[in-house]
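Welcome! Please take a moment to look over the model below before reading on.

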Protein chains: 2
Amino acid sequence: MNIPETKFPRVVIVGGGFGGLSLASSLKGVPLQVVLLDRNNYHTFQPLLYQVASSGLEPDSIAFPIRKIFRNQENLVFRMTEVQEIISEKKILVTSIGELKYDYLVLATGSQTGFFGLKNVEQQSMAMKTIPQALDLRSLILQNFEKAMLSTDVREIEKLLNFVVVGGGPTGVELAGSLAEMKIHVLPADYPGLDASKMQIHLLEAGSRLLPAFSEVSSASTLNFLTDLGVKTLLNTAVKDYDGSTVKVNTGNDLLSSTVIWAAGVEGAPVKGIEGEALLRNKRLSVDEFNRVKGYTSIFAVGDVANMTNDERFPNGHPMVAQPAIQQGELLAKNLKNMLSDKPMKAFQYKDLGSMATVGRNKAVVELPFMKMQGILAWLVWMFVHLMALVGWRNRAVTLVNWMWSYFNYDRGVRLIIRPFKK
Amino acid sequence: MNIPETKFPRVVIVGGGFGGLSLASSLKGVPLQVVLLDRNNYHTFQPLLYQVASSGLEPDSIAFPIRKIFRNQENLVFRMTEVQEIISEKKILVTSIGELKYDYLVLATGSQTGFFGLKNVEQQSMAMKTIPQALDLRSLILQNFEKAMLSTDVREIEKLLNFVVVGGGPTGVELAGSLAEMKIHVLPADYPGLDASKMQIHLLEAGSRLLPAFSEVSSASTLNFLTDLGVKTLLNTAVKDYDGSTVKVNTGNDLLSSTVIWAAGVEGAPVKGIEGEALLRNKRLSVDEFNRVKGYTSIFAVGDVANMTNDERFPNGHPMVAQPAIQQGELLAKNLKNMLSDKPMKAFQYKDLGSMATVGRNKAVVELPFMKMQGILAWLVWMFVHLMALVGWRNRAVTLVNWMWSYFNYDRGVRLIIRPFKK
């Protein structure tokens, strides 16, 4: 891997998501050699992936080169690689570009799409956890429109224009709303020969309400917003099977669709080599209040992959969103520093800053610790928070141009099929 | 193809480049059914492809959805398809989505990369005529940097960091300059462990000067600009072979390089079915002064693929750039209108508006009919003209943000390896 040895202990961080980045940058100036590994050379701002999929933003708005973030951090080395296995007895990490010795290892590998063992669904549906996946989904949506233009077969057109989003969490809600806006504003203008009313968006949620992590008020508002936009929300509806054209559900009301977007399941993304009681059924890693992986002394985990249960508000671990990852990364940096100087470590305490989701133009729900909002004001807050959360001023400026342009033109700027998607 | 018959004659245009778009939009309101076909759902602004390859711009800045351009043109139908063959006796076009009858056919298929029969070069080198190709090249450049970081083998590092651009026309010059700026500004900051001086950019030109279509003054300035930036320009140097690691040249001074970018040859992109004397050796189609393909009465060609020799300034056909295509498209629209009302057609007369090329920051050459410029002023003119030539205000705004950001930060915003390139 061509990484020089230094006189400082080496901490290896696997993953450049919110947790990995917050930890790595908080270690600036600390007497450690920080080695950050990621399979990509960029950080992905996952909350806006659905806008890449729905032709609202290009990848460069939500991706940021990792090397650039750490330009001025002398104790950090970045390598783009795929991590394959941990050999904890030898404190060695095996990667696609060679082996690496560590003194401390931090797993910030995040989460991956879970399919509850539904093999057919896994093969036939579209996931949306990475930028290439979001681009594939964008291509597929636009290709479906093009194909529907060519067809005279009513069933075929129905199948092509029925988009089934599975999962009523923020990702599912935001994508369904965004597709509905494409139906209203883009489809009739771009495809005059196509009957736009034939496009359907179904949002399926296995539970009894949307956004289960939010309050009932927000769930109800969200359902109303989606219904206004023409999205058909099916609650208490779980997918049983999908063969690429028929979605089988528990209620018996099967749906015909060539596009199922799976936003229903999420599980930890562990690394091979961590076994035993540390590896939970949801594939997250059980950690103590200092983010130490159960059973290991030099291995830590932060963010989505870490399952910490010391907080009675979250008996099954913290929500798999950005804030716990960022806060854990920051605290772990302090704790590693404390460890080096033999000071006691501090237990993690999650500060809930609130949550938010957007359905579309002027439609969002926001829950802050001190108030709840729905509608235009919530939408403005959502936009401001997400814009500021992006890394770097260039990304913010480009995103703002795109959002303003879309807002005033009721349009999507980037409906380009750059790489056609083939199943 | 699901295209309704109308009472109007049908003109089918193949290709949504500069020529096809200018013709199609000039036919607005004319009593013809206009069917526009392209293999992509977007128009590519080819003059800025090199900025996509060198991490300066994202595809959305230089691509524009074709359907959007023609939203308000009622007599136009667009289909995304690959054209396969013309059966001229039956006036039928065979495409990947079915057959299409035409009354008039216009080929605006542009040009393709030509390799002068060098099969190995064709297989091993990178071309830059399409957006996916430019993105592949971007990935490869960044992957080479990452790989060089991992290597301790001097020869391997030399190979990875030696970029050989073949062809001293505007594309080659602009790309070489852009790579040189990455060497100066991006490499040292992003890859502190890498010796930036190891990166080399070689620009190979078979003729005796760069930009052969420009004046000698501009050629000399361009050579100076490139030398200032550290580009090694090799004139009178032609590539004979390339096996993926050694570039064999006519002078005997072979080069070690894992990245050869081929910007040396360009030829017409004809469609199967046009044969005989119309198909020239450079694969362009011989047309008369009304853009009628020699030997055919209902088939026309405009732009790069059309070879018109009625102009003594251009005995071998017009230069394969945007202006002749745009002007031919506009005139052909008028001539088709004249044909419909039995008026005489007008012969094409090319109005040379000048040419320009940029080498880098503050460095460009511009030749207008009434004056020549080099340096900062030329660079500002180049930027203004290219910005205004982009389709749509969103693209202009996004491009401007990126250019300003790069200018003030000496940086490239989008050095993202979204889809790794594999040979």
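Here is a short tour of a few parts of this model, grouped by topic. Keep in mind that the model is predicted.

**A sheet in chain A**

- Look for three strands of chain A that make an open sheet, arranged in the order β6-β7-β8 with antiparallel pairing.
- At the edges sit β6 (83-87) and β8 (98-101) of chain A, and each of these pairs on one side only.
- Going from one strand to the next, the twist averages 20°.
- Strand β7 (residues 92-95) of chain A is joined to β6(A) by four bridges, and the two run antiparallel.
- Within this pairing, A:Ile86 has A:Leu93 of β7(A) as its bridge partner.
- β7(A) is also joined to β8(A) by four bridges, again with the strands running antiparallel.
- Here A:Leu93 stands opposite A:Leu100 of β8(A).
- β7(A) and β8(A) form a hairpin, with two residues between them.

**A helix pair in chain B**

- Two packed helices are described by the angle between their axes and by the distance between those axes.
- In chain B, the axes of helix α1 (residues 18-26) and helix α10 (residues 322-340) come within 7 Å and cross at roughly 25°.
- Because angles under 35 degrees count as roughly parallel, α1(B) is roughly parallel to α10(B).
- The crossing of α1(B) and α10(B) is right-handed.
- Residues making the contact include B:Phe18, B:Gly19 and B:Leu23 from α1(B), and B:Ala322, B:Ile326 and B:Leu332 from α10(B).
- Sorted by class, the contact of α1(B) with α10(B) has seven nonpolar, six polar and one charged residues.

**Where the chains touch**

- How many residues of chain A are in contact with chain B? There are 37, and they meet 37 residues of chain B.
- Elements that each supply at least two residues to the side of chain A that touches chain B include α3 (59-62), β4 (63-65) and α12 (393-409) of chain A.
- The largest share of that side, six residues, comes from α6(A).
- By class, the side of chain A that touches chain B has 21 nonpolar, six polar and ten charged residues.

Methods. Residues are numbered from 1 along each chain as its sequence is written. Chains are lettered from A and ligands numbered from 1 in the order in which they are written. This is a predicted model: local features need pLDDT of at least 70, side-chain atom pairs count only at pLDDT 80 or more; totals for chains, interfaces and linings use all residues. Two strands pair if DSSP finds at least two bridges between them. Axes are lines fitted to C-alpha atoms, for helices over the stretch in contact, and angles run from 0 to 180 degrees between N-to-C directions. Angles under 35 degrees count as roughly parallel, over 145 as roughly antiparallel, 65 to 115 as roughly perpendicular and the rest as oblique. A crossing is left-handed if the near helix is turned anticlockwise from the far one by less than a right angle, and right-handed if clockwise. Two residues are in contact if their C-beta atoms, placed from the backbone, lie within 7 Å. Ala, Val, Leu, Ile, Met, Phe, Trp, Tyr, Cys and Pro count as nonpolar, Asp, Glu, Lys and Arg as charged, and the others, Gly among them, as polar.
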